[in-house]
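My notes follow in the order in which I checked things.

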Amino acid sequence: MKVLVPATTTNLGAGFDVFGLALDLFNEVEFSFDTKETTIESTGKYASDLKDHNLFFEVFRFFERKTGYRVPPVRIKQTCNIPVSSGLGSSAAVIVAALHIANEGTGRNLSREDLMKLAVELEGHPDNVVPAFTGGLVVCYQNGSHLDFEKFEIDLSLTFLVPNFPVCTNEMRKILPEKVPFEDAVFNIKNSCQFLAKIAAGKIKEALKYVGDRLHQNYRINDNKKMKEFVEAILSKNPEYWFVSGSGPSVCSNINDFEGIPYLKDVLKLRVNNRGMIVSE
Ligand code: HSE
């Protein structure tokens with residue numbers, strides 16, 4: 001059996017923790033239960049950036065605590081095509097794949113919505129895991145046990161600049177302020193609404209004029225010297241738009257000249273994936 005889970009980008013600037021987008025780059029995870037011991041093997045372009053496979057085991061134990069079902073031993077072969085710790089949803093892809101595997105191994109008792117809620121609880125925010133399941137552009141919010149999301153199918157291609165240093169999302173969340181100036185909150189509300197209004201009107205390219213943010217990006221960029229140099233070099237190219245992908249460090253921007261950008265490791269041109277995770281026997 002096999003499951004393909006897409007990369008995701010989130011926030012899209014102004015929509016902190018609410019906007020998420022699935023991309024056409026997938027981690028491929030093959031699995032079978034004909035084994036006595038759980039083994040996980042990773043190959044692919046970014047496998048060497050993985051420190052360990054603990055997240056798979058963490059998800060299995062979480063699934064067991066929440067459902068009471070016992071996940072049987074499973075042999076897993078993962079192909080890592082999503083950059084690790086780069087703000088493109090590599091952890092979310094593992095969480096989604098592991099929950100799918102756990103559900104398959106215990107009799108498919110949970111619905112997709114049940115799995116999505118578990119994924120949000122594990123990750124702590126919905127904007128990577130929800131589009132990883134559903135595909136498309138997702139506006140999502142989890143209030144207690146109620147997960148609310150709306151999906152828009154859009155045709156869009158985006159360029160992601162991936163640097164050679166990782167960041168840890170949990171650390172990048174801790175540095176955010178508890179309070180923000182009123183005018184900054186208004187700025188983000190205005191941009192999120194404009195962004196979504198353009199999407200709803202089918203004016204996808206125009207939506208990208210409204211990715212400006214004042215709630216998280218500057219705090220994060222100023223906290224990390226490499227991140228600051230990386231973003232400043234991108235801004236020196238006068239891009240029409242740019243935003244930090246998730247909590248960083250990757251940046252999405254429409255520039256074509258990459259000369260002199262420090263730390264740049266990969267440039268990924270990705271289309272929006274409107275289908276979400278793909279399951280095959
Ligand atoms: N919305 C989350 C954040 C996404 O910005 O912390 C992390 O991938």
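Which backbone oxygen lies 3.0 Å from a polar atom of the side chain of H216? I found that the oxygen belongs to G13, and I took this as a polar contact, that is, a pair of N or O atoms within 3.5 Å in which, within protein, one must be able to donate a hydrogen and the other to accept it, residues adjacent in sequence counting only if both atoms are side-chain atoms.

Before going on I noted the ground rules: this is a predicted model, in which local features need pLDDT of at least 70 and side-chain atom pairs count only at pLDDT 80 or more, while totals for chains, interfaces and linings use all residues. Residues are numbered from 1 along each chain as its sequence is written, and side-chain values use heavy atoms, with hydrogens and water left out.

Entry on H216. I placed H216 in the loop between α7 (204-207) and α8 (217-223), where helices (H or I, at least four residues) and strands (E, at least two) are DSSP runs numbered from the N terminus. H216 counts as buried because its relative accessibility is 0%; buried means under 20% relative accessible area, exposed over 50% and partly exposed in between, with a 1.4 Å probe and protein chains only. Leaving aside neighbours within four places in sequence, I listed N11, G13, F16, L176 and G246 as in contact with H216, contact meaning heavy atoms within 4.5 Å.

Entry on cysteines. I looked for disulfides (pairs of cysteine sulfur atoms within 2.5 Å) and the structure holds zero. For C80, the nearest cysteine sulfur is that of C168, 18 Å away. I recorded C80 as buried, at 2% relative accessibility, whereas C168 is partly exposed with a relative accessible area of 39%.

Entry on the helix pair. Helix α2 (residues 90-105) and helix α3 (residues 112-123) pack at an angle of about 140 degrees, with their axes 10 Å apart; axes are lines fitted to C-alpha atoms, for helices over the stretch in contact, and angles run from 0 to 180 degrees between N-to-C directions. That makes α2 oblique to α3, since angles under 35 degrees count as roughly parallel, over 145 as roughly antiparallel, 65 to 115 as roughly perpendicular and the rest as oblique.

Entry on two strand residues. T159 belongs to strand β7 (residues 157-163) and counts as buried at 11% relative accessibility; beyond residues up to four places away in sequence, T159 touches V251, C252, S253, F258, V267, L268 and K269.

Entry on backbone geometry. The peptide bond from G248 to P249 is cis, with omega near 10 degrees, and I located P249 in the loop between β8 (242-244) and β9 (251-253). D17, a residue other than glycine, has a positive phi near 70 degrees; D17 sits in the loop between β1 (2-10) and β2 (19-32) and counts as buried at 17% relative accessibility.
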